[in-house]
Amino acid sequence: MSNGNGMLDPAAFEELVTDGTIDTVICAVPDPHGRLMGKRLTVNSFRSLGLSGEGIHASSYLFASDLEMTPLDLPISSGANGWADVRLVPDLGTLRRVPWEPYAALVICDAYASDSDDLIEVSPRTMLRRQVERAASAGLTLKFASELEFYLAAQDPATALEREYRDLPMTSGYRGDYQILQSSRDEWFIRQIRTLMPQFGIPVESSKTEWGLGQQEITLDYCATMEMADRHLLFKHGIKDLAQRNKLTASFMAKPSIDEVGSSCHLHVSLWSADDQPLGWADGGMSDIFGAFVAGQLDHAVGLGLMFAPTINSYKRFVPDQFAGTAICVGHDNRSCAFRLVGSEASYRLENRIPGADINPYYAYAATIAAGLDGIERNLPRPPIFSGNAWRDDSLELMPAALHGSIQHFADSKLARSAFGEETHEHLLAFYRAELGAFESGTVTDWERRRYFERI
Ligand SMILES: NC(=O)CC[C@H](N)C(=O)O
């Protein structure tokens, strides 16, 4: 039965097909950039390929292409293996209605090898699944919430592209941070998000205008790890789709303009037992096990930082005083620290303030679990609690200033190799090295031309 939140069990799906409501099923797999990739199927094809467990065939280059859809030469997909197929097998627990496409259902798929029942290890969803399994075998579950910020331009995406995303009119002309008057002006659109997302299986907590001109923040309810990562992707997809239907362009770039604050994706994480008891709080403060988990986050923030800052642009957001997590320390409700402890008892949780809105949540959550489990396995002591302004303390370690530094730290991270496995570690390194190469030797920027064309 559909329980009114947009989620569909097979019986509710068949009912909507029989009464002529649903005739299309979107089958999508998360790609390395954190996008939904896949196909729209007729109901008959979905029954024969999706529901049967056979899977929908798609090229393995979905896991090895850059944002321009240029296939990279990686072991999972290359000329040598003919960019062979993988099978996208629906995870039927994710089947839901698409409120703004009432004739459609959507399901998230896992990627399997075409000739066996093996999951594709380098698929982002498999990578997170492996960490969830590792936590489960230690008797632990994690709950997450992604807190996404984004910019809204009052321009349709086709025109925005034609203008090369320069000097776009934003939805606000002055700082609207927390101001209800500004949010009243945007409400015609933001209300669509707040009301439609819960019908897409994504409960929303609140919306507010953010500090940047045209910047918004919409917060989601927390839930179990995989479900939250799926919701994160669907939410981002839904905002972009609703924006384009309303002739707006939404950007989840970490730092769209050097003159503006960046867009974050704070990650809230809490630790629970297998039988759903909160484990973070003990005797009026941080429990030993959560202390070790948090210490693991501090220890690996830089080594696994690539998973929190995956693009060339992510690093432009790492400036002091703009509320981005850059200085590696943990504080109680202290927004200058990369990690902030919030709540108490069952709501006690850690907020990682490093990630930008450009993260792939499957990678970022996988990194968080791997770092925390390592802290627990090594029985690390509770970290010292920082007080004061972390951006003014020169003794603190900082996030790297650019992608190449982060790639190097990730290459050197023993944990990245042991927790994600050699194949996935190598895949990620090759993937991000290709992105860096495309920037470093694939383009001459406006800045370089302005700086050097005549003057040097
Ligand atoms: N809400 C906030 O704390 C602002 C976060 C800030 N926009 C960032 O990029 O990190």
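**Note on the ligand site and domains**

1. A backbone N or O atom of Gly262 lies 2.9 Å from a nitrogen atom of the ligand. This is a polar contact (a pair of N or O atoms within 3.5 Å). Taken alone, the ligand exposes 300 Å², and the protein buries 90% of that. Areas come from the Shrake-Rupley method with a 1.4 Å probe.

2. A caution on the source. This is a predicted model, where local features need pLDDT of at least 70, side-chain atom pairs count only at pLDDT 80 or more, and totals for chains, interfaces and linings use all residues. Residues are numbered from 1 along each chain as its sequence is written, and side-chain values use heavy atoms, with hydrogens and water left out.

3. An N or O atom in the Arg317 side chain is 2.7 Å from an oxygen atom of the ligand. For Arg353, a polar side-chain atom lies 2.9 Å from a ligand oxygen atom.

4. Now the shell. Residues around the ligand include Glu149, Glu210, Ser263, Ser264, His266, Gln322, Phe323 and Ala324. Near means a heavy atom within 4 Å. The shell divides into two nonpolar, five polar and four charged residues. Gly counts as polar here, and Asp, Glu, Lys and Arg as charged.

5. Finally, the domains. The assignment, automatic or from a database, gives domain 1 (10-119) and domain 2 (131-448). Their C-alpha centres lie 26 Å apart. The contact (heavy atoms within 4.5 Å) takes 22 residues from domain 1 and 24 residues from domain 2.

Conventions:
A polar contact is a pair of N or O atoms within 3.5 Å; within protein, one must be able to donate a hydrogen and the other to accept it, and residues adjacent in sequence count only if both atoms are side-chain atoms.
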